[in-house]
Amino acid sequence: MKETKGLIAEFKEFISRGNVLDMAVGIIIGAAFTAIVTSLVNDIIMPIVGVIIGGIDFSSLKVAVGTASINYGVFIQAIINFLLIALTVFLLIKAISKAQRKKPEEPAEEEPAVPTPEVELLTEIRDLLSNRD
């Protein structure tokens with residue numbers, strides 16, 4: 001029973017760490033972003049690509065092997081979808097990075113330096129030594 005409580009406490013500590021929570025948020029946002037990118041590719045980009053290549057639907061390509069069929073067209077379509085999704089994500093990230101670089105950086109307000117007693121003492125020693133010459 002004591003080992004179970006230790007395990008539960010350890011799990012509670014693990015799950016409440018910032019890294020785990022950040023990762024969970026990233027996964028949730030990533031899933032939502034995946035839906036957006038998939039819709040962009042399937043509903044906007046693929047119809048344009050279909051018009052450009054003459055309406056070829058790769059997913060219907062197959063080879064019959066006896067009573068089964070090898071649907072190599074589905075595989076080709078998956079590769080095309082992957083490449084288009086990767087290109088779309090690349091272009092989105094590039095655009096976001098460019099937009100972030102264009103933001104002017106606000107100069108940090110610097111507080112006037114308050115001399116510490118050590119700095120004041122060292123300054124006095126320096127002045128005394130320079131007056132000795």
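What follows is a short chat about a predicted model.

Reader: What should I know before reading the numbers?
Author: This is a predicted model: local features need pLDDT of at least 70, side-chain atom pairs count only at pLDDT 80 or more, and totals for chains, interfaces and linings use all residues. Residues are numbered from 1 along each chain as its sequence is written, and side-chain values use heavy atoms, with hydrogens and water left out.

Reader: How many helices and strands?
Author: The protein has 4 helices and 2 strands. Helices (H or I, at least four residues) and strands (E, at least two) are DSSP runs, numbered from the N terminus. Along the sequence the pattern reads α-α-β-β-α-α.

Reader: Where does UniProt place the "transmembrane region"?
Author: The unreviewed UniProt entry puts that feature at residues 21-54 and 74-93. Such annotations may be inferred rather than shown by experiment.

Reader: And what is the chain doing over 21-54?
Author: Residues 21-54 are 94% helix and 0% strand, with the end C-alpha atoms 47 Å apart. Residues 74-93 are 100% helix and 0% strand, and there the end C-alpha atoms lie 28 Å apart.

Reader: What percentage of the residues is buried?
Author: Buried residues are 8% of the 133. Buried means under 20% relative accessible area, exposed over 50%, partly exposed in between (1.4 Å probe, protein chains only).

Reader: Switching to the surface. Which residues make the nonpolar patch?
Author: Ile44, Ile48, Ile52, Ile53 and Ile56, covering about 470 Å². Patch residues have over 30% relative accessible area and no salt bridge; like charges are joined within 9 Å, nonpolar side chains (Val, Leu, Ile, Met, Phe, Trp, Tyr) within 5 Å. Ile53 sits in the loop between helix H2 (18-52) and strand S1 (63-65). Ile53 is partly exposed, at 33%.

Reader: Which residues gather in the positive patch?
Author: Lys94, Lys98, Arg101 and Lys102. Lys and Arg count as positive and Asp and Glu as negative; His and the chain ends are not counted. Lys102 belongs to helix H3 (residues 72-102). Its relative accessibility is 64%, so Lys102 counts as exposed.

Reader: How many salt bridges?
Author: The whole structure has 1. A salt bridge is a side-chain nitrogen of Lys or Arg within 4 Å of a carboxyl oxygen of Asp or Glu. Here Arg126 pairs with Asp127 at 3.2 Å, N to O.

Reader: Is Arg126 buried or exposed?
Author: Exposed, at 54% relative accessibility. Asp127 is partly exposed, at 33%.

Terms used:
Areas by Shrake-Rupley, 256 points an atom, 1.4 Å probe, with all protein chains shown as cover. Charge placed at Lys NZ, Arg CZ, Asp CG, Glu CD.
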